[in-house]
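The following note sets out points on the ligand site, the salt bridges and selected helices. Please read it alongside the sequence and the structure.

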Amino acid sequence: MKNILSIRRLLLALGIIGILALTGMNLYSIYALHMSAVTTSVEKNREQLEDLSQWVRVRMRQNSGNLWTLEASELKRIAEYPDQIPAALIQYLNHVSNDQLYDDIYYTLDGDRVCSPESGVMRFDSAVGSFVPAEAVPEQVCRGIGMVSTRMNVLASTYKWTAYMMTDSYFTFNFVFFNPDQAETIAYLSMPINRDYLISGVIGPEIFRRFSNSEESGVLVYLDDWTRGQVLISNAESNQDISRDHDFISRFSGVLEDWNLKMRYIETPEVAASKASLVRNIGVLAVTVFTLIFSLIFLYLAAKRDRELSMRQASFLANVTHELKTPLAVMQAAGENLADGRVTTPERLQSYGQHIFTETMRLRKMIEKLLDVARNEAGQLTLKPALLQPEKLVKEHLAEQQGFLNQNNVQLDLSIEDDVPKIMVDQNSFETILGNLIENAVKYSPEEKYLGIRVYSDTKKVFVEVQDHGTGIPPESQKLIFDKFYRVEETLTARTKGHGLGLSIVKNLTERNGGAISLNSTYGKGSTFTLSFPIAANISFSNLNGQKINEEESKPEYV
Ligand code: ADP
């Protein structure tokens, strides 16, 4: 039996571990799936950002491919013959003149004092298709040339190409023409950038085209001027209040050194959908797991309970058989002796009679209990509720039990409050209930046989308390003693005759009569069982469960 129990426990534990392991694995894969959705979405956006900055770089030097083929001599000649511009250059100049991105085009030969009035800075006049002397050269252009020329000087020893391209911090886009063979700078082609157009006409629309509105796409993309700590344009509703932190940054290397493209994740639709599905999955999984574990535990407990009940029933059968046989054997022997005429003296006759009487009473009590249980289970227990005086009921019952109490030297302590209201109960049930409680109080009090009975009431209920100073009931058994066939496993109980039926009958009858029973017990000190019944005047018709009221009693005032 113990083996079966431990196998069952082991299976329960394995079942629970299995469910938890499966759940853990599932959770892990759902989470991993979610994380991979997040990573994919993040990667995709990163690539898009890189792609955008690359696109801006290409846009700025659009159509400049042929400039690298220009010869040093052709470029130098322009100073002398400003209308004889090499084909590769004129093609580019025409393109730039039509591009809103650049305001003007200046051409300057390298010299000691670049951009001084004598240095002969030229401006491209698109109307005539040639360079003309520039009257006033914007400060922005001169400073820009100064910067790129310095940079070129630094690079000169290692630079191997014929042109160098750079945007200076004054927003002039410069081509430096270079002769790698001589390590000499030849000329500068400088194009002041239309900054506003670059921001609002080029980069801004492209951010929107690629990333749409930040609320829709879940990513914030903005153009950041790090030198001034300023957001220039973004895909948010407004550029104000954008905090400049970012998850990813992309630079416009070589063309717009002062600016960066930055990106911050809010929550992309893919990530939001994946997160919602993660939450949904976890929710469903949690409910399923709890239901499964709960069902497993429930099944385990139900099986355990069934097993205990069947064990108790088996021991009850053995007990009852024994209990039935003992009085029958005593009566049989006494009867035989009497029939044989062996008992002659009046004293012995009386003692035989007493024996037979006592055993018959025991048999009767036991059979009555069994019948009560059987009737109740078959639904045949009929109650006749009547309006009764608790005081009268208790006193009458005690009078009946007087002999039993005296026999056991019971010290009775009776206290009944004045004017306890009437209750609506079945008299037989009440007697059975009280009889069982008193019998137990006496049975389970090995030394001091004290029986305290108190009757009192509050505004709603009448209470009947049965107290003893006996063995008391261990805490773990207190809930179980009202179960059928349950007996506390303790030596006194083992020595005391009983079948574990009394309290189950008591509880059942109390409840059928609209009452309740509670227990307060300290192991080793004693127990108090408290019955409570609703005051009759408070009972509504529906509480009577359709039971018939005893006509002989006066009818209560129902509310
Ligand atoms: P039994 O026929 O065994 O007395 P009951 O249903 O009346 O059956 O009681 C169930 C068990 O509860 C008893 O076996 C006993 O262990 C415990 N019990 C009941 N009443 C008392 C009491 N007054 N004091 C201590 N133990 C009690």
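1. Is Asp 225 buried or exposed? Asp 225 is buried, at a relative accessible area of 1%, where buried stands for under 20% relative accessible area, exposed for over 50%, and partly exposed for the range in between (1.4 Å probe, protein chains only). Its salt-bridge partner is Arg 228, with 3.6 Å between the closest N and O atoms; a salt bridge requires a side-chain nitrogen of Lys or Arg within 4 Å of a carboxyl oxygen of Asp or Glu. Arg 228 is exposed, with a relative accessible area of 53%.

2. Basis of the values. The model is predicted: local features need pLDDT of at least 70, side-chain atom pairs count only at pLDDT 80 or more, and totals for chains, interfaces and linings use all residues. Numbering starts from 1 along each chain as its sequence is written, and side-chain values use heavy atoms, with hydrogens and water left out.

3. The whole structure contains 18 salt bridges. One of them pairs Asp 224 with Lys 262, whose closest N and O atoms are 2.9 Å apart. Asp 224 belongs to strand S7 (residues 219-225) and Lys 262 to strand S10 (residues 256-265), so the pair ties together parts 38 residues apart in sequence. Strands (E, at least two residues) and helices (H or I, at least four) are DSSP runs, numbered from the N terminus. Asp 224 is buried at 0% relative accessible area, and Lys 262 is buried at 7%.

4. Helix H5. Glu 206 and Arg 209 form a salt bridge with a closest N and O separation of 2.8 Å. The two residues are three apart in helix H5 (residues 195-211), and therefore about one helical turn separates them. Glu 206 is buried, with a relative accessible area of 8%, whereas Arg 209 is exposed at 59%. Arg 195 also lies in helix H5 and is partly exposed, at 21% relative accessibility. The C-alpha atoms of Arg 195 and Phe 171 are separated by 7.3 Å, the residues being 24 apart along the chain.

5. Ligand site. Which residues come nearest to the ligand? Of the 21 residues around it, these are Asn 440, Tyr 444, Asp 468, Arg 487 and Leu 503; a residue counts as near if one of its heavy atoms lies within 4 Å. Oxygen atoms of the ligand lie 2.8 Å from a polar side-chain atom of Asn 440 and 2.5 Å from one of Arg 487. For Leu 503, a backbone N or O atom is 2.8 Å from a ligand oxygen. The ligand taken alone exposes 530 Å², of which the protein buries 98%; accessible areas come from the Shrake-Rupley method with a 1.4 Å probe, and for residues only the protein chains shown count as cover.

6. Helix H3. In helix H3 (residues 87-97), the buried residues are Ala 88, Leu 89, Tyr 92, Leu 93 and Val 96. They lie on the same side of H3 because they cover an arc of only 125° around the axis, the arc being that of the directions from the helix axis to the C-beta atoms.

7. Helix H1. Ile 7 is located in helix H1 (residues 2-60) and counts as partly exposed, at 47% relative accessibility.

Key
A polar contact is a pair of N or O atoms within 3.5 Å; within protein, one must be able to donate a hydrogen and the other to accept it, and residues adjacent in sequence count only if both atoms are side-chain atoms.
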